[in-house]
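The following paragraphs lead through the structure shown below. Please keep both the sequence and the model in view while reading.

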Amino acid sequence: MKRHEEQSSGNNTERDPIVRAQDVRVTFRAPGSRDTVKAVDGVSLEVRRGEVFGVVGESGCGKSTLGRALLGLVPLSGGKVIADGRDLSTLSAPQMKEMRRKIQIIFQDPSACLNPRRTVREILTEPYLIHGIRDRKKIDEEIGKLIDAVGLAPYHLSRYPHELSGGQKQRIGIARALTLHPEFIVCDECVSALDVSVQAQVLNLLMRLRGEMGLTYFFISHNLNVIYQVSDRVAVMYLGRIVEIAPYRSLFENHFHPYTEALLSAIPGTGEGTKNRIILQGEVPSPQNPPTGCHFHTRCPKACPICSKEVPGMREILPDHFAACHLYDEKI
């Protein structure tokens, strides 16, 4: 793994939070059933201004739903989200529309989120019109700057999405997210659909824009190599819950939760070879019927009797390094 060259490893614990989640819960009704799915189950965290906050976990663990919850794109079943000092649940429709200028998202599949019937110019113009900006000269100037910022040429503005490569389409998705000068951007698996060489280009672009525009990223990925390259802090998610949060270096060198340990053991080139690979037994439980206590106890090689009975609280084990595991409970 290679750490992104532009990324600073300095301590950022004194930065003000730009977004905070307080016991956030998101529940969906399962299709064709009366059962409910706990996609996000009591998540509390804060994203500090100017940082890249990485979130990693298996597919279906609730990462993307959590990211959308932070933007107010899915209704909460409990808890609250504070963005830029304001509780999103208390905002009126006009206030929420204004908040949208500050918080944006880059989606995973650029082909699915760009209107195939519109040119790139029309796609990038739409956010300005939605927010009441009608000065065509100003819009054209802004779009010209955005196209240049994401590494595309003016002639791309007349193209339709199907005429662009995957990397070019994702650059348009990034440009669209930047149109209204946001402060906080959720990057939802935004490089997973791209070839490895193109992934590197897009990651370099995102890190450069972060420095130039003072952006804060909530970076979602199932790829630990990508998370390592770009993140200042990392949260590990399992079945709707955060099990560990730490600065990237502390997480990769001093991980404490057994699930984090298993995830990191699967990365090629880490540890002392395949003898340290941890193979988890069993399948990931269904979010429609999650285990009692710690959700991970059914697959955890270090589970104790209390793990099936009580939900572990988040504990600070090292400075700014938290884990939700009964192994670090004084009662054990």
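In helix α1, the buried residues are Lys63, Thr65, Leu66, Gly67, Ala69 and Leu70; buried means under 20% relative accessible area, exposed over 50% and partly exposed in between, with a 1.4 Å probe and protein chains only. Because six of the eight residues of this helix (residues 63-70) are buried, α1 is largely enclosed by the rest of the structure. Helices are DSSP runs of H or I with at least four residues, numbered from the N terminus. Just after α1, Gly72 has a positive phi of about 75°.

This is a predicted model, in which local features need pLDDT of at least 70 and side-chain atom pairs count only at pLDDT 80 or more, while totals for chains, interfaces and linings use all residues. Residues are numbered from 1 along each chain as its sequence is written, and side-chain values use heavy atoms, with hydrogens and water left out.

The interior comes next. A nonpolar core is a set of buried Ala, Val, Leu, Ile, Met, Phe, Trp, Tyr and Cys residues joined through side-chain atoms within 4.5 Å. The largest such core has 63 residues, and those with the most contacts inside it are Ile172, Ile174, Leu206, Leu209, Tyr217 and Phe219. Helix α7 (residues 196-213) gives the most to this core, contributing seven residues. A second, separate core has 33 residues, among them Met96, Met99, Ile220 and Ala235. Contact means heavy atoms within 4.5 Å. Leaving aside neighbours within four places in sequence, Phe219 is in contact with residues including Val52, Phe53, Cys187, Leu206 and Val230.

Two helices also pack against each other. Helix α4 (residues 120-130) and helix α6 (residues 166-178) meet at an angle of about 25°, with their axes 8 Å apart. Axes are lines fitted to C-alpha atoms, for helices over the stretch in contact, and angles run from 0 to 180 degrees between N-to-C directions. The angle therefore makes α4 roughly parallel to α6, a term for angles under 35 degrees. On the α4 side, Val120, Ile123, Leu124 and Pro127 meet Ile172, Ala175 and Arg176 in α6.

Two loop residues complete the tour. His131 lies in the loop between α4 and α5 and counts as buried, because its relative accessibility is 18%. Beyond neighbours within four places in sequence, His131 is in contact with Lys97, Arg100, Arg101 and Leu180. Glu163, in the loop between α5 (136-149) and α6, is partly exposed, with a relative accessible area of 40%.

Technical notes:
Parallel < 35°, antiparallel > 145°, perpendicular 65-115°, else oblique.
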